[in-house]
Amino acid sequence: MALMTLDRTNFPAFSLRLFLSVDIVGSTAYKQSSPTQTPDKPGQAWLRLFTDFYSALEENLVKAWNDNKASFSIPLIDKLGEPPKVWKARGDEIIFQCSLLNVEQITYAVYCLIIAIDNHRAEIKKQGKPVDLKATAWLAGFPKNNAEIVLGMSLDRLKVSGLIVENDDYFFIHQCRLYLHMNEPRAGEMLDFIGPQMDIGFRLAALSSSRYFIMSIDLVFLIIRSIDGGTWPTFFSRRFTGHFRYLGAEELKGVLSGVPYPIIGLSAQPDKNIFKVEDEMLNYTPLDTTKLMSYIEQFFGHSRFETGNAWVNLPFIADCDKIPDEYKRELNLQRVQFWKTYDARHELEDTSLDTSETSENKTEVSAIEEIINLKLDPPSNAR
C-alpha cells in the first residue's frame, strides 16, 4: 500500500514547542476536607472545582487569545497563529502546547495564559474555594534534543501500510509512526513528548507557586528578546518589564549532571498588596534585562562546558534564526537514513522526488552521506 509521499526536505522537521502548565494549589487538602457527597446531590462535593478548571481554563485561554488581538497592529496579528492546545491533564494539572513560528507567538501565548489564570482565579475566589493556581512554562526542541512519540498506533497498522517489515530498526519504526501520523492521523492516536528539556520543565513545575510563574531560562531569553525588539503596546510589555525575579539557582534532580539551574520567576500577581510589601522588605529591584540576557548566555556556555551535553544551547526558531551546524547535521542524518530505507521499500511514482535526478541533488546526497561516514563527529569549535 503506497502512502502519499512527503516532501523529503521537510521530514523529519525541526520544531520548537512551548509548554504551558497550570496546576491547582491546595487541591489535595481541599479534596480531603470536603465531604465525599452532599445529601441532596450525587457525585463528589469537590468535583466541580476540577471540571470547571479543565473546561474554563481552556475557554479563558482561547478567549484571551482572540480578544487581545484587537489591540495589535495587523502585521503583529499575522504572526500570532493559533492558541496553544491541550496536550494532557495530569491529576490537578493541565498542560497546553504549541509549535512555535516566531518569538511574538511565544510572548503572546504566555501573556494570554496569565490573563486566563487571572480570570479563573477570580472565579475561584468568588466561589470561596480555598485553593489557588500556579503556572510553569518551558521550551523543548525536536527532533534533536527531544523526541515526539506517537501513542495509540499499533505495529499492525505500520505493517499493513507497507512501511515496516519484521526486525526493522527501532528508530526507523519510531519515524514511521510519525510519518504515518502526519499523513493519516486517526482517532485514538496522540503525540507525546519526552527528552531532557521536558525533564527540566517538569522539575521547574515543582518549584512554581501562586507567587511566581516559573519559566525555563531559554523561554525567558526569547520573551525578553521579543519585548525589547518588538512593537508591543505599552500595556502588554508592562506585564513583563520589571516583573522578572531571579530566585537563585537549584540543582534539579537528574538534570544537567548536577549543575545548579537558574530559577527565574515572573510575578504572577504583581498588584497583590502583600506581595508588594514583601518586595519592599526584601529590597527587590527590577532585573536589568540586558544583564539577565547576558547571564543566560553565559549559563548556557558554562553548563555546556561542565556537562558536555551537546543539546545545551541558546534557543532558536528554525524559520527566524540561524540553525546551528550540529543541528543541521543531526537532522540531515535522520532524513537520509529514513528516506533511504523508505525508498528501499517503495517504488516512487514521482520521479521528481528521486534524489539522483539532478546534479544539485547528487551534491546534496553526497554531502549528507559524507556526514554519515564521519559519524557526525562535531568539529572542535562547535562544542
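Seven strands, in the order 4-5-1-6-9-11-10, form an open sheet with mixed pairing; two strands pair if DSSP finds at least two bridges between them. This is a predicted model, in which local features need pLDDT of at least 70 and side-chain atom pairs count only at pLDDT 80 or more, while totals for chains, interfaces and linings use all residues. Residues are numbered from 1 along each chain as its sequence is written, and side-chain values use heavy atoms, with hydrogens and water left out. Helices (H or I, at least four residues) and strands (E, at least two) are DSSP runs numbered from the N terminus.

- Strand 9 (residues 212-215) and strand 11 (residues 261-267) pair in the antiparallel sense over 4 bridges.
- Met-215 stands opposite Ile-264 in strand 11.
- Helix 11 (residues 289-307) packs on the sheet and touches strand 10 and strand 11, where contact means heavy atoms within 4.5 Å.
- The direction of helix 11 makes about 150 degrees with that of strand 11.

**Helix 6 and helix 12**

- The axes of helix 6 (residues 170-183) and helix 12 (residues 325-345) come within 11 Å and cross at roughly 85 degrees.
- Helix 6 is therefore roughly perpendicular to helix 12, a term for angles of 65 to 115 degrees.
- Helix 6 contributes Phe-171, Phe-172, Gln-175, Cys-176 and Tyr-179 to the contact, and helix 12 contributes Gln-334, Phe-338, Trp-339, Thr-341, Tyr-342 and Arg-345.

**Cysteines**

- The structure holds 0 disulfides, a disulfide being a pair of cysteine sulfur atoms within 2.5 Å.
- Cys-98 is buried at a relative accessible area of 7%; buried means under 20%, exposed over 50% and partly exposed in between (1.4 Å probe, protein chains only).
- Cys-176 is also buried, with a relative accessible area of 0%.

**Backbone features in loops**

- The peptide bond from Phe-142 to Pro-143 is cis, with omega near 0 degrees.
- Pro-143 is found in the loop between strand 6 (132-142) and strand 7 (147-151).
- Leu-256, in the loop between strand 10 and strand 11, has a positive phi near 55 degrees and is buried at 6% relative accessible area.
- Ser-257 lies in the loop between strand 10 and strand 11; its phi is near 55 degrees, and Ser-257 is exposed at 63% relative accessibility.

Conventions
Axes are lines fitted to C-alpha atoms, for helices over the stretch in contact, and angles run from 0 to 180 degrees between N-to-C directions. Angles under 35 degrees count as roughly parallel, over 145 as roughly antiparallel, 65 to 115 as roughly perpendicular and the rest as oblique.
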